[in-house]
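Please look over the sequence and the structure shown here before going on.

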Amino acid sequence: MDLRSIIDDNRHDQQIDEHEKIQNAAKTLAEEFAHSNGICTKTEDERECILQGLATPLASEESTRISLQSIREERDGLNKHRQSLLSRVPEQEKWSVFSHESIEDKDLAYLSAATGDEFALLRGKNEDILYHGSRAHCHIEKDELLMELLNTHKIRLECHSHPDYEIIIPSQDDRDFIASFGQQSSRIVSSYTGKIITFHANRFDDLV
Ligand SMILES: [Zn+2]
């Protein structure tokens, strides 16, 4: 191989490299364009992987906190499901029956963000009960029928909302209340952050 052909070969390799570089750059640009215009060139599986990667617990906590804030500041409205829940229990200290497991803890946080009131979710074998509390309490103990159902273990207090921010603090009333009908534990959801904690009738069980 003479010097001339070595130079030519190198030039040829360089040309291939350049060509690949240009092709890759064009591909990246096309993908960026497609992405920014809402056109995704990726397959279903690739998209799923990307979405799962994005949906880290921290990212979803942050997005819940932001959407609760925009509801509270009336920059955004409740979604259809939550609107229909609220439309059936618009008044304080009233409740309504819904189909089993149709209400989630997080729904209570959104309803509280929208109204400034506490909400509680009670659940039986075949139904969910949504209780609309007042500004700082869920006075379920005032409701004879609900107390009868709780005392006979036909329903459980699954969760109630609190306006607590970073740390959710169960009150002694919360613990005494579930203890009064023999329930060991229940949950509280923050209407600021959407975070959920489990608390116990006996405060020392929270530490386990
Ligand atoms: Zn409470």
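**Overall make-up**

The model is a predicted one, and its secondary structure comes to 7 helices and 6 strands. Read from the N terminus on, these elements follow the order α-α-α-α-β-α-β-β-α-β-α-β-β. Of the 208 residues in the protein, 21% count as buried. Among the contacts between residues at least 6 apart in sequence, 63% join residues that are at least 24 apart.

The 6 strands of the open sheet have the order 1-3-2-4-5-6, and their pairing is mixed. Strand 1 (94-99) and strand 6 stand at the edges with a single partner strand each, so one side of each is left without a neighbour in the sheet. From one strand to the next, the twist averages 25°. As background, strands of a sheet pair through backbone hydrogen bonds, either parallel or antiparallel.

Two of the pairings can be followed in detail. Strand 2 (residues 119-124) is paired with strand 3 (residues 127-132) in the antiparallel sense over 5 bridges, and within this pair L122 has I129 of strand 3 as its bridge partner. Strand 5 (residues 185-190) and strand 6 (residues 196-200) are likewise paired in the antiparallel sense, over 5 bridges, and here the bridge partner of S185 is H200 in strand 6. Strand 5 and strand 6 form a hairpin with 5 residues between them, and in the turn G194 has a positive phi of about 80°.

Is helix 5 mostly covered or mostly uncovered? Helix 5 is mostly covered, with 8 of its 11 residues buried; these are D107, L108, A109, Y110, L111, S112, A113 and A114. The buried residues of helix 5 pack against helix 3 (57-72), helix 4, strand 2, strand 4 (155-162) and strand 5, which links this helix to both helices and strands. Just after helix 5, G116 takes a positive phi of about 80°.

| Helix pair | Axes | Angle | Crossing |
|---|---|---|---|
| Helix 3 and helix 5 | 7 Å apart | about 30° | right-handed |
| Helix 4 and helix 5 | within 10 Å | roughly 70° | right-handed |

What do these angles say about how the helices lie? Helix 3 packs against helix 5 at an angle of about 30°, and because angles under 35 degrees count as roughly parallel, helix 3 and helix 5 are roughly parallel to each other. The axes of helix 4 (residues 80-88) and helix 5 (residues 105-115) cross at roughly 70°, and because angles of 65 to 115 degrees count as roughly perpendicular, helix 4 and helix 5 are roughly perpendicular to each other.

The residues that make these contacts can also be named. In helix 3, L68, I71 and R72 meet A109, Y110, A113 and A114 in helix 5, and the residues of this contact divide into 6 nonpolar, no polar and 1 charged. In helix 4, R82, L85 and L86 meet D107, Y110, L111 and A114 in helix 5, and this contact has 5 nonpolar, no polar and 2 charged residues.

Methods
Residues numbered from 1 in each chain as written. Predicted model: local features only at pLDDT ≥ 70, side-chain atom pairs only at ≥ 80, totals over all residues. Pairing = 2+ DSSP bridges. Helix = DSSP H or I, 4+ residues; strand = E, 2+ residues; numbered from the N terminus. Axes fitted to C-alpha atoms, helices over the stretch in contact; angles between N-to-C directions. Parallel < 35°, antiparallel > 145°, perpendicular 65-115°, else oblique. Left-handed = near helix turned anticlockwise from the far one by under 90°. Contact = placed C-beta atoms within 7 Å. Nonpolar A, V, L, I, M, F, W, Y, C, P; charged D, E, K, R; others polar. Buried ≥ 20, exposed ≤ 12 C-beta atoms within 10 Å, placed from the backbone.
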